[in-house]
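Please consult the sequence and the structure as each point is raised.

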Amino acid sequence: MYYDKYFDYNVIDVAIAEKKFADFISGIKQMTLKGNVVVAVESRASKVPTTTFKTNTNLSKSRAEEAKNEILSALKSDGVDVSKIKFVKPRTKVQGPEYRNDYEKNREQYGKYQYVKVWAK
């Protein structure tokens, strides 16, 4: 099972109302019927400076934590025994091109490094 979400600048919340997220949660629910599920989260932030999260490292970590919390919340709401869900340490990173005070002009270029990806097996 796989889920990904690309973000606008300084955004951390996964779109729990998205069909893609609902399908991911449904898939994990089905997997728990056969046993434990291991979930891995990877999150990124670009090198565009942030003051909201103090550092881009904090932003990347916040995205991973928010994804984990939203997944657990959705699974609990769906009646899943979350003790069957095991999260591995998230992989967080700041990457992408160096910021050149050009966010508005190159928003799409920086946006490639603003995401969370989640795998469940």
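This is a predicted model: local features need pLDDT of at least 70, side-chain atom pairs count only at pLDDT 80 or more; totals for chains, interfaces and linings use all residues.

Q: What pattern does the protein chain follow when read along the sequence?
A: The protein chain contains 3 helices and 5 strands. Its C-alpha atoms fill a box of roughly 50 × 25 × 20 Å along the principal axes. Read along the sequence, the elements give the pattern β-α-β-α-β-β-α-β.

Q: Among contacts between residues at least 6 apart in sequence, what percentage join residues at least 24 apart?
A: The protein chain has 121 residues, and buried residues make up 40% of them. Among contacts between residues at least 6 apart in sequence, the share joining residues at least 24 apart is 74%.

Q: How far apart are the mean positions of the positive and negative charges?
A: The protein chain carries 23 positive and 15 negative charges.

Q: In which helix do K19 and D23 both lie?
A: A search of the whole structure finds 7 salt bridges, and one of them joins K19 to D23, with the closest N and O atoms 2.8 Å apart. The two residues are 4 apart, about one turn of the helix. Both belong to residues 19-32, which form helix α1.

Q: How many residues apart are D78 and K29?
A: The side chains of D78 and K29 meet in a salt bridge of 3.6 Å, N to O. The pair links distant parts of the chain, with D78 in the loop between α2 (56-77) and β3 (85-87) and K29 in helix α1. D78 counts as partly exposed because its relative accessibility is 34%, and K29 is likewise partly exposed, at 29%. The separation of D78 and K29 in residues is 49.

Q: Which residues are linked with E42 in a network of salt bridges?
A: R44 forms a salt bridge with E42, and the closest N and O atoms are 3.8 Å apart. Both R44 and E42 are buried. The residues linked with E42 in the network are R44 and R91.

Technical notes
Residues are numbered from 1 along each chain as its sequence is written. Side-chain values use heavy atoms; hydrogens and water are left out. A salt bridge is a side-chain nitrogen of Lys or Arg within 4 Å of a carboxyl oxygen of Asp or Glu. Buried means under 20% relative accessible area, exposed over 50%, partly exposed in between (1.4 Å probe, protein chains only). Contact means heavy atoms within 4.5 Å. Lys and Arg count as positive and Asp and Glu as negative; His and the chain ends are not counted. The place of a charge is taken as NZ of Lys, CZ of Arg, CG of Asp or CD of Glu.
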